Amino acid sequence: MASHAADQSADLAPGQFCEFFKEVHGYSPFPWQEALLERTLEQGWPELIDVPTGLGKTAVLDVAVFLSALGSEHARRRVFLVVDRRLIVDQAHEEARKIQRALSDAEPGTVCRLVRDRLAIRGDDPPVLDVTRMRGGVNWSWLWLERPDRHAVVTGTVDQIGSRLLFRGYGVGERLRPIDAALVGADSLIIVDEAHLSDAFLTTVRDVRAADSSGIGRPPVVVAMSASPDDTSHDAHRITPADEGHPIARRRLLASKSLHPVEVSASANGATAATADALAYWARLMGGPGKVTGVVANTVGMARTVFKRIQAELTDPSCCVLLTGRVRPIDREYLLDAWYPRIRSGALRQSDAELYVVATQTIEAGADIDLDGLVTEAASLPAIVQRLGRLNRLGERATAQVVVVHADRLKDPVYGSARHETWQWLTSLAAPVSHRRGRALADLDRGVDVSPSALRQHLAAITTQQQKSMRGEQQYVPLVSAAT
């Protein structure tokens, strides 16, 4: 590492990571997070970090920064956390800023001060860690890293960071493109969060790395993260029995979640309206004073229809919020600013208020949203797993239900046959209930346990071919070769 980090790293030991984490966040890391540091120091970064939702995957940033302070050969100067969801980019950016502030404000004698000293460049003033966010709807300077020799954490979307890696860069002039490509593609750690949403990018960046035979500089390290990965990676970092015995992690892994399939009978022409009616109906049954109920639809059109139906039944229509990818960024910011304090994990519920959040896949991945109840359209396996991650996220509720609504004759342009295959699997675990007006929550049977721990056991019991059919067709990704 260029700086004096390496020759003084004896003053900083791997065992101090726990204290460093506590100084930054105010609480101790989970066992898997400490184990990731130890594993990377000894063997290098894993290809995949496979950790259930709600167990703090963003802590990979803390691990990366601490590795750099230790002067590890597996550390990289620039850390890129890439995810195909703006909301998650923003949340990860705030976590990176938290690390930056902890280092800047570190008092003498603290571990953060040790880390800061190891990252500092002679003659340079704090901050010792640059933090940048790259996504549409926000501004950042073309000089997004003022000092290429300084350590940095960059959070951004696939298109912003991917285009720079490939010498294209949105809004970047031809003379700057090689510079941006070098910053992303050399001495970098590229972490692809919610990797199942970014297969094309992940495949491309790995092809780019494999095609680079120049031997110049420090090559990028590529790590995928997902709570719903495929099983093709044999180099994965996962939770351990220590996490299952950890008081907080255990509560989240065993968080009560029962899944109930609900079948809608309708003609092909009436399937869309019948599905929207069922989604709104079961959401209203689950909702009520003091509750936040989520409804996830597969298409914007379905989400809008359900939103209007729920609003029409409420005394206060403003208690129903619509979040889709087509909402203008400025409107989405206003919505999140107004409602996020009520729907985020750990938020206190207002006993006399009810709230319905109707959304598409925009809240599906990584968002730190905690719902009391969930109604969702049937979808592919990864989508269902991600949606379950928004329900009883912290395990603080004694019971939490999710109703999965399926109409066999509904044409699904998003998930195709994967939706049907996943529905068949779900109904093999719990018999479906026929939807009709007049039904009550008591009409649902016990359902199937889909707590993170139980869900992993369910998934382990099915074959690779079954999982593949429930994931849907893989997107075509052109091969990147040395001659491309």
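Which residue in β11 is the bridge partner of L323? In β11, that partner is A359; the views below come from a predicted model. Local features need pLDDT of at least 70, side-chain atom pairs count only at pLDDT 80 or more, and totals for chains, interfaces and linings use all residues. Residues are numbered from 1 along each chain as its sequence is written, and side-chain values use heavy atoms, with hydrogens and water left out.

**View 1. Strand β10 (residues 320–323) is covered on both faces.** C320 and L322 lie on one side, V321 and L323 on the other, and all are buried (under 20% relative accessible area, 1.4 Å probe, protein chains only). β10 pairs in the parallel sense with β11 (residues 355–359) over four bridges. Strands are DSSP runs (E, at least two residues), and helices are too (H or I, at least four), numbered from the N terminus. Pairing requires at least two DSSP bridges.

**View 2. Seven strands build an open, parallel sheet.** The order is β3-β4-β2-β5-β6-β1-β7. L189 stands opposite V221 in β6.

**View 3. Helices α2 (residues 17–25) and α6 (residues 111–119) pack together.** Their axes (lines fitted to C-alpha atoms over the stretch in contact) are 8 Å apart, at about 100 degrees. Angles run from 0 to 180 degrees between N-to-C directions. The two helices are therefore roughly perpendicular (65 to 115 degrees). E19, F20, E23 and V24 in α2 meet V111, C112 and V115 in α6, with contact set at heavy atoms within 4.5 Å.

Notes: Parallel < 35°, antiparallel > 145°, perpendicular 65-115°, else oblique. Buried < 20%, exposed > 50% of the residue type's maximum accessible area, 1.4 Å probe, protein only.
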